[in-house]
Amino acid sequence: MKIDILTLFPEMMEAALKTSIIGRAEENGLLSINCVQIRDFAFNKHRQVDDYPYGGGQGMVMQAEPIFQAYKSVTEGLDYKPKTIYMSPQGKTFRQSMAKRLAREKHIVLLCGHYEGVDQRILDEIVDMEISIGDFVLTGGEIAAMAVVDATARMIPGVLASEVAFSEESHFDGLLEFPQYTRPAEWHGACVPEVLQSGNHKLIEEWKRRSAIENTFKKRRGMLSRARLSKKEREFVEDLKQKER
């Protein structure tokens, strides 16, 4: 997968995305992350890429032309249009299911806005979708873009050691993850559940599944209505509700 990020702060992006698991995945050729400085395409000596908004208002708006030229620098000559995403609080809320879909794309372009946003005309011309990471506003799209890249890259085959590394995690199948433990077996009077030390893989898998359902019930109950649960598991959820009463 190729990921191009159009940003005013490429150093910030590279510092986060060129390290750890994502950095190693790029070194191993599983993906390519390229950060493009939008200011390099400014058409004035001060490298200014923003201007006052038409109609008045607070703040500045990023101009369409520098963004367009930055976009052309990574798409010119291609015989396809890469999936182009604008990081915006007005976009669709980013979820694990969206990360899985994006991981199947061969080329993604992420546009990070700043100030009061970007000229609507560039969005109309190049953007395929807008993504939000939550109902709040950041000073720019970079932090949101990092989250999208990280979550998406982990879904690419080979980036993690095995599919189990992400298939048992929170949100992958509509549930939160089961509780995790490591050594020592007893700490501050609290013990690791005996089943996890039993060596019985069938019982361990059953415990993990029930614990994931219970964890989701306690913390994010609304997710259970969308989760894929068996009849027996839905009865377990009803039992949890009864115990609350």
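Predicted model: local features only at pLDDT ≥ 70, side-chain atom pairs only at ≥ 80, totals over all residues.
**Entry 1: strands around β5**

I started with β5, residues 83-93. I looked up its pairing with β6, residues 107-112, and found five bridges. The two strands run parallel.

Next I checked β7, residues 129-132. β5 pairs with β7 too, over five bridges and in the parallel sense.

I then followed the chain from β5 to β6. Helix α4, residues 96-102, belongs to this β-α-β unit, and the unit is right-handed.

**Entry 2: the cavity**

One cavity of 30 Å³ or more turned up. The largest cavity holds about 40 Å³ of space.

Which residues line the largest cavity? I listed I3, L102, I108, L110, V148, V149 and T152. Two elements, β6 and α6 (142-153), each give two or more residues to this lining. α6 has the largest share, with three residues. I sorted the lining by class and got six nonpolar residues, one polar and no charged.

**Entry 3: salt bridges**

I counted twelve salt bridges in the structure.

K81 with D128: the closest N and O atoms are 2.9 Å apart. K81 sits in the loop between α3 (64-75) and β5, and D128 in the loop between α5 (120-126) and β7, so this pair ties together parts that are 47 residues apart in sequence. K81 is partly exposed, with a relative accessible area of 43%. D128 is partly exposed as well, at 41%.

E206 with K202: I read 2.7 Å between the closest N and O atoms. Both residues lie in helix α8, residues 201-219. They are four residues apart, about one turn of the helix. Are E206 and K202 exposed or partly exposed? E206 has 36% relative accessibility and counts as partly exposed. K202 has 59%, and because the cut-off for exposed is over 50%, K202 counts as exposed.

E244 with R221: the closest N and O atoms are 2.5 Å apart. E244 is in helix α9 (residues 231-244) and R221 in the loop between α8 and α9, so the pair ties together parts 23 residues apart in sequence. E244 is partly exposed at 49%, and R221 is partly exposed at 35%.

Terms used
Residues numbered from 1 in each chain as written. Heavy atoms only, no water. Pairing = 2+ DSSP bridges. Right-handed = clockwise from strand over helix to strand, strands pointing away. 1 Å grid on protein atoms, 1.4 Å probe; cavity = no way out; pocket = protein on both sides within 12 Å on 5 of 7 lines; lining within 4 Å. Points joined across faces, edges and corners; volume = space filled by probe spheres on them. Nonpolar A, V, L, I, M, F, W, Y, C, P; charged D, E, K, R; others polar. Salt bridge = Lys/Arg side-chain N within 4 Å of Asp/Glu carboxyl O. Buried < 20%, exposed > 50% of the residue type's maximum accessible area, 1.4 Å probe, protein only.
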